[in-house]
Amino acid sequence: MALATNTKRRMVTASLVAPAVAWLFIFLVLPFIAMLVFSVGERAPEGGYQPAFTFAQFANLPSRAAAFWNTLFLAPVGAFICLIVAYPVAYYLAVKANPRYRLLLVSLVIVPFWTSLLVRTYAWMYLLGSRGIPNLLSMVGFDDVRILNTHGAVLLGIVYGYLPLMIMPIYVSLEKLDRRLLEASADLGAKPVSTFFSITLPLSLPGVMTGLSLVTILLLGEYLIPQLLGGGKVFFIGNALVDLFLQSRNWPFGSAIAVTLVISVVFVLLIAMRIAWKIAGTRQVDLV
Amino acid sequence: MTVAKAAQTDQCNLKPQGTNVTSHSVNDIEFRSVSKSYGAVTAVSDINLQVPKGAFVALLGPSGCGKTTCLRMIGGFEQPTTGDVLINGKPMNGVQAHQRPVNMVFQQYALFPHFNVEQNVSYGLRQARPKISAPEISRRVAEALEMVRLGGFGKRRIHEMSGGQQQRVALARALVNKPSVLLLDEPLAALDKKLRTAMQIELQTLQRELGITFVLVTHDQEEALSMSDLVCVMNAGRIVQLAAPQEVYDKPRDLFVADFVGKTNRMAATVEADGATLRLADGSALSIGERSALPPGAVTLALRPEAITLHRQNQSISGRLSGVVTHRIFLGSSVEYSVSVNGLGNFLITADRHVLSESSLVEPNERVVLSFNPDAAHIFPA
């Protein structure tokens, strides 16, 4: 009897989990294996892939150093600027805002998400282009200011596009912060600034780390913003991949770049997770 | 007004013991017609309270009676809407929590989860200006941990400690700052019964040894009665009675106190024109006893369960009330009976076991006779 119910329960569990497992296997694990195989192969003469076993593609990685550099520099810097902008907003929403309007204010943060990032980035393209802000600046005497197609424009687009993704996890961690801890800190003689740096900030670090890794990881694969706001100049790995797979049809080299990217993301994530655990003193920190 | 907290309290502690005698006249805490409202809701209305130095006061009342609000106004987490709160004779209007010479043990302790025990306890000392030297801090932290019998636990993380240990950490974290007043917000609510009783004794001993004023908020009347030397019974934002525990129990000021503190049997009755006879609801008459004449009219009689004696019917006692035992609750050292009396409803009676030892316990459904000394009854206007 007990055995029967146990088996039955296991069957139910298996049937509930199966679709997700199948999905992940077909659309994540298999492609990744394919990518690994491609990355040690060769480009067929007419483009695409032909079987081989060579590390030539990986040896060729330095030829795309600019894309790696742009991505590995601008993604963390962009995420960090996001953090600087997002933390005060999240703090205001979670701690200072009148609870009656809190929901409204939080939804104002999310509403821009309802419009396509493509449309919003196009708007920035126009704003930063020669008929936008530079045009206004020339009216007050600053001629020949170029914003579009610079690192700065890409950074601006990144911060604009990813800000809500940074605000939300920080907001959540600040919102569930036990207010009595802040009172206890004040009760023990700590000034508000001191309370912030010894209690509030450390205890919201899990949210900060979640936001940082979420934004950084998504930025590593970013394609749209550098394409539109960086012109041909600020290339991300995402743009390099599109170029290699769709234009030059060098699948093995594209795969080698993608594999390198995935491995470095996993590596960065593990380190970030370790740091977050250490600071928060618990393992109750989920990064993604 | 921004006197550093630790420095201020240190001065208090440096006073020779002798001067404390004269400062007995100084109240550690004083409420002067304090009211607190949140919008249209009045949490505390017109409270006047004086807590003498070194007293152990319990603010006792049902939830929502305003006791926690009072405590938070002493701690500086709430400001009175009107009136003044004074600590050591100084008005505290506008003085922030971090500037007050009091410390609090929070409900559920509010220990900092990202610090270990030692870092939690030293937190207050690390905030003090002028700075306290590191060796001095670790000396005092060790001393405080020793005091709550947690010596050697300094490096433990908070989540590795049991509920009772966390309670002690919270206590050490507050006491290490040598506050002139310690505030305790339902400090024992999260502990099991055995631990709670042990902590009650410990808290009481600690308070006697340190001579610090303790203000305890609790809804548990047993806790208030057993630990404090002054009980402040509150209801609906007001103080109903402020007296020693025994007096609160023996001479409740009104029906609310009689009901809330301990168990009480209530009976509706009428005082006859002679002012000395009570007519009970079942029509029987009862002499009031030795107290002075009462004005005629409707009253409520309150009787403690232990003030009533239970007799078997075959015993030749001319009791006033006869009834049937409906329930019996065996409590170990004592027995509680619920007795249904004709025309008067249910009575709760507590009997010591040794009193009954000459015979077996009274069984449910057995007919019994109840007697009580009229002087033991409290009479309140209905």
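Which residue takes a positive phi in the hairpin of β4(B) and β5(B)? In this predicted model, that residue is B:Asn88, with a phi near 50 degrees, in a hairpin that has two residues between its strands.

## Before we start

Residues are numbered from 1 along each chain as its sequence is written, while chains are lettered from A and ligands numbered from 1 in the order in which they are written. Because the model is predicted, local features need pLDDT of at least 70 and side-chain atom pairs count only at pLDDT 80 or more, whereas totals for chains, interfaces and linings use all residues.

## The hairpin and its neighbour

Let's stay with β4(B) for a moment. Helices (H or I, at least four residues) and strands (E, at least two) are DSSP runs, numbered from the N terminus, and two strands pair if DSSP finds at least two bridges between them. Strand β5 (residues 90–91) of chain B pairs with β4(B) in the antiparallel sense over two bridges, and there B:Leu86 stands opposite B:Pro91.

Strand β4 (residues 82–87) of chain B also pairs with strand β1 (residues 27–38) of chain B, again in the antiparallel sense, over five bridges. Here B:Phe31 is the residue opposite B:Val85.

## Chain B as a whole

Chain B holds eleven helices and 20 strands. Its domain assignment (bounds from an automatic or database domain assignment) gives domain 1 (5–252) and domain 2 (263–381), and the C-alpha centres of these two domains lie 41 Å apart.

A residue is buried if 20 or more other C-beta atoms lie within 10 Å of its own, exposed if 12 or fewer, and partly exposed in between, with C-beta atoms placed from the backbone. By that rule, 39% of the 382 residues of chain B are buried. Helix α4 (residues 117–127) of chain B is mostly covered, with eight of its eleven residues buried; B:Tyr123 and B:Leu125 are among them.

## Two nonpolar cores

A nonpolar core is a set of buried Ala, Val, Leu, Ile, Met, Phe, Trp, Tyr and Cys residues joined through C-beta atoms within 7 Å. The largest one here has 105 residues, and those with the most contacts inside it include B:Val57, B:Ile74 and B:Leu370. Its largest share, six residues, comes from helix α6 (residues 163–175) of chain B. Domain 1 and domain 2 of chain B both give residues to this core, so it lies between them.

Two residues are in contact if their C-beta atoms, placed from the backbone, lie within 7 Å. Leaving aside neighbours within four places in sequence, the contacts of B:Val57 include B:Val51, B:Val215 and B:Cys232. Apart from this core lies another, of 46 residues, including A:Leu148 and A:Phe253.

## Where the chains meet

The contact between the chains takes 18 residues from chain A and 20 residues from chain B. On the side of chain A that touches chain B, α8 (179–187) and α9 (192–220) each supply at least two residues, and the largest share, six residues, comes from α8(A).

## A closer look at A:Pro134

A:Pro134 has its place in helix α6 (residues 133–139) of chain A. Why is A:Pro134 called partly exposed? Because A:Pro134 has 18 other C-beta atoms within 10 Å. Not counting residues up to four places away in sequence, A:Pro134 touches A:Val145, A:Arg146 and A:Ile147.
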